[in-house]
Amino acid sequence: MAVFSTLTRHSRSLLFSLRCMSNVPENTVYGGPKPQNPDQRVTLTNLKQKHRKGEPITMVTAYDYPSAVHLDTAGIDVCLVGDSASMVVHGHDTTLPITLDEMLVHCRAVARGAKRPLLVGDLPFGTYESTTGQAVDTAVRVLKEGGMDAIKLEGGSPSRITAAKAIVEAGIAVMGHVGLTPQAISVLGGFRPQGKNVAGAVKVVETAVALQEAGCFSVVLECVPAPVAAAVTSALRIPTIGIGAGPFCSGQVLVYHDLLGMMQHPHHAKVTPKFCKQYARVGDSINKALSEYKEEVTNGLFPGPVHTPYKINAADVDAFLNELQKLGLGKAASAAATAAEKIEMDELSG
C-alpha cells in the first residue's frame, strides 16, 4: 500500500510537471530553428504564388539587426544579406574583400531581427568558384551558421552555373544573379551596365535561362536595359528581381541604406548607384542630430534634469559625504556635495 501511495504521488508530480511544461512557450522547450509558419515567414511557396498571380515581389538588402527589424515591420518579402556590405558597411570600394566569416556575422544579425521575410545570404567572392564541393560547403555554412533560408550567387561562367546546380542538388535554395555582377569587375572593367548591345543582351538571357535550368528559384537582374529585363522575365518560369533593370521584372530590390538616403559622405556618394531612388534623407537627420548632440554636450546643456533620472536621498548624500571624508577623499566629497546641490536647484527651477 505504501509503495502504491508513493507511485501515485510520483505520478501526480509527473503529470503536474508535464502540465507546467505544456504552458512553456514552444521555443523555450525545443531547440533549433523556429517553425516556418506560412502566416509568419515568407517561403518559396509564397513567392511562387505571388509570381503566378503577377504580384510584385519586394526585396531589400540589409546587413544588421536594426535594419532587419525595420524590414520585418514593413512587411518586405525577401531580405538579402548582400556582399555589398563590403562597400556599404566596411568602407571598401568593391565587394571583393569581404570574407565568409564577416558575411556570417551579418547573416546572424539579420536572422535575429527579420522573422517574416525569406532570408537570402550572398556567397562572397572566393568561397565557391574553385570546386562544387567548396560551393556546397560554403552554402551549408550560410544556412547552418548564418541562419539563412537560401543563398545567392553571381552566375555567368559555366563553373558558376555548375556550382548553382550542385548547391540545389544538396538541398539548398539558390537565387541567381546576372547582368552587372560586381564580383566580376576585374573582367567587366568596373561597375558597368550589361546587355547594351545584341551580343550582351543575348548573353544575359542565356545566362538567366541556364540558372533557371540549374534549379534557381529566382534571378536578380542588375543594371541591364529594361527591354532586356522584360525579355528575361518573359523567358523564365521563375521570378526576376530587378535592380537598375526597369519596371518589367517580377520584383525589385534596393539597398536599405541607399533607399533611405542614409549616408551623405564622399565614400557613399561614390558608391550609390544612379538607379537608386531615395525615399527619405535619413542621413541628413542623422547629421543634424549628431551636430546638436555635440553642441549641447560642449555647452553643458546635456544631460539636464530630465535625463539625470537616478536619485539618492538627502540623508544618504550626507552619509555618503561623511564616508568620503573618512576615506580621506575630501575633494571627492566636495564634488559630490556640489553636484547634489546643483541637481536640487535644477529640479526646483525646472
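The dialogue below walks through a predicted model of one protein chain.

Visitor: What should I know about the model before reading it?
Guide: This is a predicted model, in which local features need pLDDT of at least 70 and side-chain atom pairs count only at pLDDT 80 or more, while totals for chains, interfaces and linings use all residues. Residues are numbered from 1 along each chain as its sequence is written, and side-chain values use heavy atoms, with hydrogens and water left out.

Visitor: How many helices and strands does the protein chain have?
Guide: The protein chain has 16 helices and eight strands, where helices (H or I, at least four residues) and strands (E, at least two) are DSSP runs numbered from the N terminus.

Visitor: In what order do the eight strands close into a barrel?
Guide: Strands of a sheet pair through backbone hydrogen bonds, either parallel or antiparallel. Here the eight strands close into a barrel in the order β1-β2-β3-β4-β5-β6-β7-β8, with parallel pairing, two strands being paired if DSSP finds at least two bridges between them. One of these pairs joins β4 (residues 150-152) to β5 (residues 173-179) over three bridges, and there Ile151 stands opposite Val174 in β5.

Visitor: Which residues have the most contacts inside the largest nonpolar core?
Guide: In soluble globular proteins, nonpolar side chains tend to be buried together. A nonpolar core is a set of buried Ala, Val, Leu, Ile, Met, Phe, Trp, Tyr and Cys residues joined through side-chain atoms within 4.5 Å, and buried means under 20% relative accessible area (1.4 Å probe, protein chains only). The largest such core has 58 residues, and those with the most contacts inside it are Ile151, Leu153, Ile167, Val219 and Leu221; helix α6 gives the most to this core, with six residues. A second, separate core of 16 residues includes Val42, Ile57, Val120 and Val253.

Visitor: Where does Cys223 lie, and what is its phi?
Guide: Most residues other than glycine have a negative phi, and most peptide bonds are trans. Cys223, although not a glycine, has a positive phi of about 55°, and its place is in the loop between β6 (218-222) and α11 (226-235). Cys223 is also buried, with a relative accessible area of 14%.

Visitor: Which peptide bond is cis?
Guide: The bond from Phe302 to Pro303 is cis, with omega near 0°, and Pro303 lies in the loop between α14 and α15 (314-326). Helix α14 (residues 282-298) is itself followed by Gly300, whose phi is positive, near 75°.

Notes
Buried means under 20% relative accessible area, exposed over 50%, partly exposed in between (1.4 Å probe, protein chains only).
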